[in-house]
Amino acid sequence: MLILTRKKDEKIVIDGNIEITVIEIRGDQVRLGIKAPKHVSIHRKEILDAIEAENKQAATSQVKVALGDLWKKRL
Amino acid sequence: MSLKVNTIRFGTLEVCEEKIISFPYGIPGFPQLTRFIYIDRGEQDGPFAWLQAVDDPDIAFIIVNPTIVKPDYQIVLAEQDIADIDLADASEAEVFVIVSIRGELKHATVNLCAPVIINVPKRKGKQIVLDNPDYPLRYPVFGSEPSRTEGVG
């Protein structure tokens with residue numbers, strides 16, 4: 001892993017077309033500005049991790065059940 | 001051409017190859033699973049259907065049209081998502097959300113944050129990630145949890 005030190009308003013450029021700016025540093029929080037081409041997907045890592053975990057739970061937890069009966073009971 | 005798909009829930013299914021939906025990027029958590037089949041058992045599952053992995057008998061997701069659970073559900077697809085599933089027109093797309101069951105069935109939740117988009121004619125799919133705080137990872141299907149009524153009124 002490459003580790004760089006940056007100050008407020010300083011930038012990092014990745015691959016020539018992705019630009020990350022340190023906008024604000026307050027206590028233990030850092031606000032970042034990211035400029036990237038539209039095809040680059042940018043997400044908070046914990047959200048991606050949560051989706052993976054949720055998928056794993058969803059794929060393996062269900063029993064073989066007539067979901068329709070349950071749906072009717074709800075009404 | 002048809003092929004046999006082994007599943008732990010539905011036994012061995014004979015499936016036309018054209019019926020296979022390809023997920024070029026897999027599904028988060030299962031990047032190796034790129035082929036799925038859509039299983040709709042009709043009446044017995046009500047509005048729910050299944051997305052069964054072709055290459056892993058154990059893995060099947062319960063899916064549902066999100067508007068069944070949240071009538072005002074709306075998504076905006078990113079350009080890259082549209083390109084990834086070769087979508088030419090919005091009318092070609094079907095949107096589903098994945099159902100998660102923890103313990104009792106009545107506590108089932110849907111993942112509104114990461115819907116599954118399928119290009120129906122081209123049979124290509126992708127699970128996308130939305131950045132919308134109104135669409136949580138676990139939204140109750142049956143409205144038994146207090147969070148269901150959050151933001152109403």
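Predicted model: local features only at pLDDT ≥ 70, side-chain atom pairs only at ≥ 80, totals over all residues.
In chain A, buried residues make up 20% of the 75 residues.

Chain A has two helices and three strands, and from the N terminus the order is β-β-β-α-α. Among its contacts between residues at least 6 apart in sequence, 0% join residues at least 24 apart. The accessible surface of chain A comes to about 5,900 Å², and 54% of that belongs to carbon and sulfur atoms.

Now chain B. Its average pLDDT is 89, and 93% of the residues score at least 70. Where does pLDDT stay under 50 in chain B? That is residues 145–153, for which the model has ten contacts beyond four places in sequence.

Chain B contains two helices and eleven strands. Reading from the N terminus, the elements go β-β-β-β-β-β-α-α-β-β-β-β-β. Chain B has a radius of gyration of 16 Å, close to the 15 Å from the globule rule for 153 residues, so it is as compact as a globular protein of that length. Along the principal axes, the C-alpha atoms of chain B fill a box of roughly 55 × 40 × 30 Å.

Of the 153 residues in chain B, 46% count as buried. For chain B contacts between residues at least 6 apart in sequence, 51% join residues at least 24 apart. The accessible surface of chain B is about 7,400 Å², with 51% of it belonging to carbon and sulfur atoms.

In soluble globular proteins, nonpolar side chains tend to be buried together. Here the largest nonpolar core has 32 residues, and the members that touch the most others are F48(B), V99(B), V110(B) and V141(B). Which elements give two or more residues to this core? From chain A there is α2 (67–74), and from chain B there are β1 (2–7), β4 (35–39), β6 (60–64) and β7 (93–100). The element that gives the most is β6(B), with three residues.

To take one member, V110(B) touches, among others beyond four places in sequence, V64(B), V69(B), V97(B), P136(B), L137(B) and V141(B). A second, separate core has 18 residues, including F23(B), A49(B), I59(B) and I63(B).

That brings me to the rings. A search of the whole structure finds six aromatic pairs over all chains. One of them joins F23(B) and F36(B): edge-to-face, 5.2 Å centre to centre, with 70 degrees between the planes. F23(B) is in the loop between β3 (21–22) and β4 of chain B while F36(B) is in strand β4, so the pair ties together parts 13 residues apart in sequence. Both F23(B) and F36(B) are buried.

Another pair is Y73(B) with Y135(B), which is tilted, at 4.5 Å centre to centre and 40 degrees between the planes. Y73(B) sits in the loop between α1 and α2 of chain B, and Y135(B) in the loop between β10 (124–127) and β11 (139–140), so this pair ties together parts 62 residues apart in sequence. Y73(B) and Y135(B) are both buried. There is also a cluster, in which ring pairs link F23(B), F30(B), F36(B) and F61(B).

K70(B) is found between α1 (66–69) and α2 (79–84) of chain B. Is K70(B) buried or exposed? Its relative accessible area is 15%, and the cut-off for buried is under 20%, so K70(B) counts as buried. Beyond its neighbours within four places in sequence, K70(B) is in contact with L112(B), D134(B), Y135(B) and Y139(B). Y135(B) is the residue that forms the tilted pair with Y73(B).

I75(B) is in the loop between α1 and α2 of chain B as well. I75(B) is partly exposed, with a relative accessible area of 24%. Not counting residues up to four places away in sequence, I75(B) touches V95(B), P115(B), I117(B), I128(B) and L130(B). Its C-alpha atom is separated by 20 Å from that of P47(B), 28 residues apart along the chain.

That is what I have on the two chains.

How values were computed. Residues numbered from 1 in each chain as written. Chains lettered and ligands numbered in written order. Heavy atoms only, no water. pLDDT = per-residue confidence, 0-100. Contact = heavy atoms within 4.5 Å. Core = buried A, V, L, I, M, F, W, Y, C linked by side-chain atoms within 4.5 Å. Buried < 20%, exposed > 50% of the residue type's maximum accessible area, 1.4 Å probe, protein only. Helix = DSSP H or I, 4+ residues; strand = E, 2+ residues; numbered from the N terminus. Rg over C-alpha atoms; globule rule 2.2 N^0.38 Å. Areas by Shrake-Rupley, 256 points an atom, 1.4 Å probe, with all protein chains shown as cover. Phe/Tyr/Trp six-rings, centres within 6.5 Å; stacked < 30°, edge-to-face > 60°.
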